[in-house]
Amino acid sequence: MQRKLWIYIGVFAALCVCMGEFFTDTWLATLYPEYDWMKQSISYMGQEGSPVVFHVAVWGVLFTLFFLLFAVGFFQAFGGKNKWVILASAMIGIYGLGEGIGSGFFPINPEGTTYTSSAFYHDLFGGIGDVGLVGAPLVMMKVFPNQKYFNFFKWVTIVGISLALLFVFARYFNIETGIFSYRGIWQRLYFCLLYTSPSPRDRQ
């Protein structure tokens, strides 16, 4: 009974974090008119001096909580004795910690200003979290070795990493021309793709 309850909690948490990301992204953007969601990453919504920096930090805590609950639910759903399930669950949890509390509590500096220690920790924790997010579909190919699931997670990984690279090149190399200028779109697309891949509802 306890295991089944954790699975339901994990599913509920996954739904909450997906809907919450969409809601907060949309709502907070209306409170911050200067923010350009197409060309700025989500991090800039909570940058130093932003009118919604507190809201972003609060959502970061909830984001982490939901992902940790989801990780436990995933672990319970697919069997804790499988090392690949343990690794996949850990990656989901690491992403939640890094991208939620890690990034949310350390706002980045506004564009064109001096790189701060807070921005460094933001990038550090966010980067660690993103390793978990991008790496999770790779591990899922071991969790679900049959051909149907293997091919699904293979393409999720390929497309997800491609979108992530577009975002990374655009942001860290400060490329402002062509498709690279739309870093906000690439970030949201790869988040959307990778969020929808690992879910306890896919149990075989």
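Predicted model: local features only at pLDDT ≥ 70, side-chain atom pairs only at ≥ 80, totals over all residues.
Residues are numbered from 1 along each chain as its sequence is written, and side-chain values use heavy atoms, with hydrogens and water left out. Local features need pLDDT of at least 70 and side-chain atom pairs count only at pLDDT 80 or more, while totals for chains, interfaces and linings use all residues.

**View 1. The salt bridge between Arg188 and Asp25.** The structure holds 1 salt bridge (a side-chain nitrogen of Lys or Arg within 4 Å of a carboxyl oxygen of Asp or Glu). Its N to O distance is 2.6 Å. The pair connects distant parts of the chain, with Arg188 in helix H6 and Asp25 in helix H1, 163 residues apart. Helices are DSSP runs (H or I, at least four residues), numbered from the N terminus. Arg188 is buried, at a relative accessible area of 14%, and Asp25 is buried at 18%; buried means under 20%, with a 1.4 Å probe and protein chains only.

**View 2. The lining of the largest pocket.** A pocket is an open set of points on a 1 Å grid over the protein atoms alone, where a 1.4 Å probe fits, with protein on both sides within 12 Å along at least five of seven lines; lining residues have an atom within 4 Å of a point. The volume, about 350 Å³, is the space filled by probe spheres set on the points, which are joined across faces, edges and corners. Of the 14 lining residues, Glu21, Phe22, Asp25, Arg188 and Cys192 are the closest to the centre. Helix H1 (2–31) and helix H6 (183–195) each supply at least two lining residues, and H1 gives the most, with 6.

**View 3. Phe120 in helix H4.**

Definitions and conventions: Buried < 20%, exposed > 50% of the residue type's maximum accessible area, 1.4 Å probe, protein only.
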